Amino acid sequence: MNILLAVVASLTLEIANPSAEYREQIVEIPLDGVLQRLGTVADSLRVRDAAGLDVPFQTTFDGKLLVEAAVRKGGVARFTVSKGAHGQFPMVCHGRLHPERKDDFAWENDRGAYRVYGPALERSKERSYGIDVWTKNTPELVVDDRYYIEDVVTIPRIDSLYRNNWHKRDSLYRIISYHYDHGRGLDPYRVGASLGCGAPALMVNDSIVMPYCFERYEVLDEGPLRFTVRLVQSPRMVCGVRVVEHRQITLDKGSNFCKMMVSYSPPKQGELEGVSVSLCSGVVLQPEDRESYVLGQNYVSYTDPTDQPNVHQAPLYVAVLFPNGTVTTKKQGNHVLGIVSNYDLKPYTYYFGSAWAKYDVRTEEEWKARIEWYLRSLQQPLKVTVKG
């Protein structure tokens with residue numbers, strides 16, 4: 001039986017922190033109920049904090065109202081949602097396709113940036129399978145500018161002007177390229193024929209069936225508080241069976257970790273029968289240092305020395321977290337992995353992410369603490385009550 005609720009002028013969101021430590025995260029509220037109670041539409045919402053100030057919010061493709069909440073231990077934060085006009089909010093979470101660089105797809109928030117590789121790179125036969133990490137030490141968006149400066153304006157012009165002067169070309173490249181830090185971060189991560197930072201893959205027995213580039217993408221959420229993209233990967237052959245991987249990646253403001261939901265198009269009945277298939281993800285270990293890793297109960301982490309340790313000096317911290325279900329963590333070849341055994345190809349969620357020593361995490365101990373804090377926040381999330 002449908003119950004009609006009276007339209008009200010405003011609703012109160014009470015966001016409680018049941019834990020014994022400070023929490024700051026994006027919270028989700030079912031959007032339809034909010035719109036019904038206020039008698040309005042998503043474009044005519046206003047959210048204010050306890051001081052009466054307007055705060056950023058976002059509505060999502062899957063029907064959520066997002067609000068960023070910071071709540072002291074055992075505390076309650078209150079927000080008012082009403083019908084009304086709101087201003088423009090700074091874009092913090094953003095991503096798009098970059099055809100100027102072989103169909104890269106890159107996304108970022110105020111903590112860091114990531115990219116995956118697309119059809120143009122696969123056609124070139126370059127072997128880059130995994131997820132790349134870019135550092136930044138500013139909350140401002142940097143990725144679009146990096147691509148434009150390097151791949152649209154600078155590199156073609158340098159190559160044209162100094163085609164026969166390698167030293168001049170190299171000197172100018174280092175002054176401008178995003179592979180060197182000019183005060184706002186860089187791309188210091190080496191992916192190649194690996195999982196990089198957090199790409200998923202199937203395993204048959206102990207062999208990784210490496211993924212490759214994406215074939216199609218769809219942007220589902222575009223800031224200011226959350227970015228979500230859906231990727232369909234190039235098909236892989238698993239024991240002679242064609243399998244297609246589907247990824248949905250979400251990155252929120254303030255988070256060092258992306259949420260990955262992965263699944264695989266099911267084979268026909270009887271295909272893969274009797275084959276032991278596992279799901280794995282992890283991080284690649286670099287040849288300069290293959291010992292600075294941690295195998296946690298439900299995560300793997302690594303202190304990556306960067307692609308030029310003697311130049312960049314500040315390490316990159318990477319990790320993959322498995323808060324849902326039992327995993328086996330191990331070192332295998334040039335990876336540390338989390339492995340989900342007897343995987344049924346259905347949607348599975350885990351998290352991958354990074355931090356940079358020149359920005360928000362200085363030491364390995366801080367990175368371990370950040371990982372454990374994030375896992376606790378997933379296990380004991382903020383609780384939202386809607387009143388009004």
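The buried residues of helix H1 pack against strands S1 (10-16), S2, S3 (45-48), S4, S5 and S6 (76-83); contact here means heavy atoms within 4.5 Å. The model is a predicted one, in which local features need pLDDT of at least 70 and side-chain atom pairs count only at pLDDT 80 or more, while totals for chains, interfaces and linings use all residues. Residues are numbered from 1 along each chain as its sequence is written, and side-chain values use heavy atoms, with hydrogens and water left out.

**Helix H1**

H1 covers residues 31-38, and its buried residues are Leu 31, Val 34, Leu 35, Arg 37 and Leu 38. Buried means under 20% relative accessible area, exposed over 50%, and partly exposed in between (1.4 Å probe, protein chains only). Helices (H or I, at least four residues) and strands (E, at least two) are DSSP runs, numbered from the N terminus. Seen down the axis of H1, the buried residues fall within an arc of 165 degrees, so they line one face of the helix; the arc is taken from the directions from the helix axis to the C-beta atoms. Gly 39 follows H1 and has a positive phi, near 65 degrees.

**Strand pairs**

Two strands pair if DSSP finds at least two bridges between them.

| Strands | Bridges | Residue pair |
|---|---|---|
| S2 (23-30) and S5 (64-71) | 8 bridges | Arg 23 and Val 71 |
| S4 (57-59) and S5 | 3 bridges | Thr 59 and Leu 65 |
| S9 (113-116) and S10 | 3 bridges | Ala 113 and Trp 134 |

S4 and S5 form a hairpin with 4 residues between them, and Gly 63 in the turn has a positive phi of about 80 degrees.

**The four-stranded sheet**

An open sheet of 4 strands runs in the order S7-S8-S9-S10, with antiparallel pairing. S7 (94-98) and S10 (132-134) stand at the edges with a single partner strand each, so one side of each has no neighbour in the sheet. Neighbouring strands of this sheet are turned by 20 degrees against each other on average, direction ignored; the axes are lines fitted to C-alpha atoms, and angles run from 0 to 180 degrees between N-to-C directions.

**Glu 108**

Glu 108 is found in S8 (residues 104-108). Glu 108 is buried, with a relative accessible area of 1%. A polar contact of 2.6 Å joins the side chains of Glu 108 and Lys 136. Such a contact is a pair of N or O atoms within 3.5 Å; within protein, one must be able to donate a hydrogen and the other to accept it, and residues adjacent in sequence count only if both atoms are side-chain atoms. Not counting residues up to four places away in sequence, Glu 108 touches residues including His 94, Ala 113, Lys 136, Glu 140 and Leu 251.
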